[in-house]
Amino acid sequence: MTAATDEQVLLRTEGRAAYIVLNRPKALNALTHAMVRRIETALDTWETDPAVETVVLTGAGERGLCAGGDIRAIHDDARAGRDGTDTARAATAGSATADFWRDEYRLNARIARYRKPYVAVMDGIVMGGGVGVSAHGSVRVVTERSRIAMPETGIGFVPDVGGTYLLGLAPGELGTHLALSGQQVGARDALLCGLADHFVPSELLPRLVADLAADPVRDVLARYVAEAPPGVLAEQREWIDACYAAGSVEDIVDRLEGHGAQAAKEAAETLHAKSPTALKVTLTSLRRARQLGPLERVLTQEYRVSCAALASADLVEGIRAQVVDKDRNPRWTPATLADVTDDDVARYFAPLGARELALATDHFTQEVPW
């Protein structure tokens, strides 16, 4: 067995498996740029190592795999220089975050196209960037503790890390509901939406992870996969599909408010609390993603949207309200859906020229013999 340690990511190989442990438990294993780079380097090394047959991703601590990116760092970077007192900082405001996203999205695509089984253990909280490093994997395991979400609209942002690609593939309008509302889903609903592949009781995870060092993935899964506990989305498909099929966010909200289901009315209340701009950009992003084809093209669109968000007031304000000051009272600009114009939305999709995220789209997942 060989091992390497790092403050934020732990790497080791044992038997036929290589293990990645996200190691920031006090921060719910939130991703930093250094973590993304370390994971990508490890994947490059292991992909050509004949001794490594399977890669396994887990998170340190008991609370979850990964809560997303380090949004405090994003807040500080986006806010840098906005008061106009430091011209040098203003000129580079957001650049560190844009560089982080560039590498993060490349990693998401790398995971999706990995030529060996990539087993993501999606136990506990898995949100935002945590979805990006797990839900694109070839083997995605959830437990009764899993809480999976793309909650970006609540901080004035838009689902990224391939989130609009994944949610765009969900049955009916389930993905639209999850993208706009940011609702957390458990194991059964994650399976229904295509965000996961297998349910394993959390108490069995240590044995499953250990067995992957000795046996092929298919054989190990056969020992531990079980029936997931009931979810809620299957029973809500009628109102979700009917309401979220509307042509605009305003019409979606109107349908939710006018529907007889109490859950639909609660969804409308949830949307009223989100950033109006983020809601409109998210709906456009998701629907465009469905027409773009492979993941790489969707990530290119998401990179444009994310970089545009760095210049918006809502991203800084949303993180301030939810994470920094925690007053849970964001002041969105514009404040209402009616005040968000088509031009406001279109700005998020403008090409970036030399800064464009360039990902090859001429390669696709190969069959892995496992």
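Mentor: Let us begin with burial: a residue is buried under 20% relative accessible area, exposed over 50%, and partly exposed in between, with a 1.4 Å probe and protein chains only. Helices (H or I, at least four residues) and strands (E, at least two) are DSSP runs, numbered from the N terminus. In helix H14 (residues 276-292), the buried residues include Pro276, Leu279, Leu283 and Ala289. This is a predicted model, in which local features need pLDDT of at least 70 and side-chain atom pairs count only at pLDDT 80 or more, while totals for chains, interfaces and linings use all residues. Residues are numbered from 1 along each chain as its sequence is written, and side-chain values use heavy atoms, with hydrogens and water left out.

Trainee: How do you know that the reach of H14 is close to what is expected?

Mentor: The expected span is 1.5 Å times one less than the number of residues. H14 has 17 residues and reaches 24 Å from its first C-alpha to its last, close to the expected 24 Å. Just after H14, glycine 293 takes a positive phi of about 95°.

Trainee: Why is the contact between arginine 110 and aspartate 44 called a salt bridge?

Mentor: The term requires a side-chain nitrogen of Lys or Arg within 4 Å of a carboxyl oxygen of Asp or Glu. Arginine 110 and aspartate 44 meet at 2.8 Å, N to O, and are therefore a salt bridge. Arginine 110 lies in helix H4 (residues 95-112) and aspartate 44 in helix H1 (residues 33-47), so the pair ties together parts that are 66 residues apart in sequence. The side chains of arginine 110 and glutamate 47 also meet in a salt bridge, at 2.6 Å.

Trainee: Why is the pair of tryptophan 101 and phenylalanine 157 called stacked, and why is that of tyrosine 105 and tyrosine 303 called edge-to-face?

Mentor: Rings of Phe, Tyr and Trp (its six-membered ring) pair if their centres lie within 6.5 Å; planes under 30 degrees apart count as stacked, over 60 as edge-to-face and the rest as tilted. Tryptophan 101 and phenylalanine 157 have 5.2 Å centre to centre and 15° between the planes, and the pair is therefore stacked. Tyrosine 105 and tyrosine 303 have 6.0 Å centre to centre and 90° between the planes, so that pair is edge-to-face. Tyrosine 105 lies in helix H4 and tyrosine 303 in helix H15 (residues 295-310), so the pair ties together parts that are 198 residues apart in sequence.

Trainee: How do you know that tyrosine 105 and tyrosine 303 are buried?

Mentor: Tyrosine 105 has 0% relative accessibility and tyrosine 303 has 2%, so each counts as buried. Tryptophan 101, at 2%, counts as buried, and phenylalanine 157, at 6%, counts as buried as well.
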